[in-house]
Amino acid sequence: MGGNRIAMKFAGQAGQGVESNGELLARTLARGGLHLFGRKDYESRIRGGLNFYRIDVADQPLFAHGTEIHLLLAQTVEAVEQFSGTLVPGGGIVYDETLDVDADALVQAGLRPMPAPLMKIAKEIGGRPVMAGAASVAVAAAVFGFPLEALLDTLGRQFAKKGDEVVKANRAVARAAYEYGTDNHAAAFGFELRALDDPPERMLIDGNRAFAYGALV
């Protein structure tokens with residue numbers, strides 16, 4: 001990356017796993033030794049309302065967000081409409097192929113639509129629709145050229161308490177989605193995000209946890 005910054009955003013309705021999917025993506029990037037700065041937005045405490053999880057990432061320490069994003073992972077049409085205007089020229093939008101997104105309008109705006117069979121992969125390979133989040137993260141990793149191994153490792157740690165079968169299913173979904181993203185969208189995407197060689201361990205921590213650790217110390 002050479003000090004370059006990349007920003008991405010998960011966006012969807014409350015109850016669609018925006019926070020958990022965003023954290024999965026953030027932890028995957030941290031596993032590659034990169035520096036992160038994340039922001040969670042909550043429009044409601046119940047189902048409904050457009051929420052997002054923004055991640056700025058670089059190979060140098062970060063202390064604040066920028067203003068633009070390079071990749072939007074949209075779980076609803078509303079998310080596409082709300083945030084597509086914040087993407088840089090050539091920025092990509094990953095979304096499930098069944099969403100009624102006006103791809104032609106995105107292309108005319110200088111953006112790159114990236115429809116993918118996220119829900120299909122989740123259901124047919126993982127057996128659970130909720131795994132579409134892992135599929136979306138895998139497509140994001142693929143189009144940036146980020147190593148799949150970092151995501152597989154994160155999935156193993158995140159779902160270890162739920163048993164081997166859950167870990168295997170999520171990893172199978174991630175592999176299939178990563179392959180789809182590589183074959184269909186990666187070559188045309190103009191942004192890269194590489195893991196560091198021999199990546200150091202990074203702590204991904206929010207304010208509440210930092211406050212608790214500080215109190216303990």
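Colleague: In which helix is Gln158 found, and what makes a run of residues a helix?

Modeller: Gln158 is found in helix 6. A helix is a DSSP run of H or I with at least four residues, and a strand is a DSSP run of E with at least two, both numbered from the N terminus. Please note that this is a predicted model, in which local features need pLDDT of at least 70 and side-chain atom pairs count only at pLDDT 80 or more, while totals for chains, interfaces and linings use all residues. Residues are numbered from 1 along each chain as its sequence is written, and side-chain values use heavy atoms, with hydrogens and water left out.

Colleague: Why is Gln158 called partly exposed?

Modeller: Its relative accessible area is 33%. Buried means under 20% relative accessible area, exposed means over 50%, and partly exposed lies in between (1.4 Å probe, protein chains only). The value of 33% falls in the middle class, so Gln158 is partly exposed.

Colleague: Which residues does Gln158 touch?

Modeller: Leaving aside residues up to four places away in sequence, Gln158 touches Ser20, Leu24 and Arg27. Contact means heavy atoms within 4.5 Å. As for Arg27, it is 131 residues from Gln158 in sequence, yet the two C-alpha atoms are 9.4 Å apart in space.

Colleague: Which residues of helix 6 are buried, and what do they pack against?

Modeller: Helix 6 spans residues 148-158, and its buried residues are Leu148, Ala150, Leu151, Leu152, Thr154, Leu155 and Gly156. These buried residues pack against helix 1, helix 5 and helix 7.

Colleague: What makes Arg157 and Asp153 a salt bridge?

Modeller: A salt bridge is a side-chain nitrogen of Lys or Arg within 4 Å of a carboxyl oxygen of Asp or Glu. The closest N and O atoms of Arg157 and Asp153 are 3.3 Å apart, so the pair meets the rule.

Colleague: Why are Arg157 and Asp153 separated by about one helical turn?

Modeller: They are four residues apart in helix 6, which amounts to about one helical turn. An α-helix has 3.6 residues a turn, so residues three or four places apart point the same way. Both residues are partly exposed, Arg157 at 49% and Asp153 at 27%.

Colleague: Which residues do salt bridges that share partners join into one network?

Modeller: They are Arg5, Arg54 and Asp56. Asp56 pairs with Arg5 at 3.0 Å between the closest N and O atoms. That pair links distant parts of the chain, with Asp56 in strand 3 and Arg5 in strand 1 (residues 5-13), 51 residues apart. Asp56 also meets Arg54, at 2.6 Å from N to O. By the same rule, the count for the structure comes to seven salt bridges.

Colleague: Are Asp56, at 2%, and Arg54, at 6%, buried or exposed?

Modeller: Both values are under the limit, so Asp56 and Arg54 count as buried. Arg5, at 36%, is partly exposed.

Colleague: How do you know that a space is a cavity and not a pocket?

Modeller: On a 1 Å grid over the protein atoms alone, a cavity is a set of points where a 1.4 Å probe fits but cannot get out, whereas a pocket is an open set with protein on both sides within 12 Å along at least five of seven lines; lining residues have an atom within 4 Å of a point. Grid points are joined across faces, edges and corners, and a volume is the space filled by probe spheres set on the points. The structure holds one cavity of 30 Å³ or more, and about 50 Å³ of space lies in the largest cavity.

Colleague: What lines the largest cavity, and how do its residues divide?

Modeller: The lining consists of Met8, Leu25, Thr28, Leu29, Ala140, Ala141, Phe144, Phe146 and Leu193. Ala, Val, Leu, Ile, Met, Phe, Trp, Tyr, Cys and Pro count as nonpolar, Asp, Glu, Lys and Arg as charged, and the others, Gly among them, as polar. The division is eight nonpolar, one polar and no charged. Helix 1 and helix 5 each supply at least two of the lining residues.

Colleague: How much space lies in the largest pocket?

Modeller: The largest pocket holds about 550 Å³. It is lined by 28 residues, of which Gln16, Asn21, Val130, Ala132 and Gly133 are the closest to its centre. Helix 5 gives the largest share of that lining, four residues.
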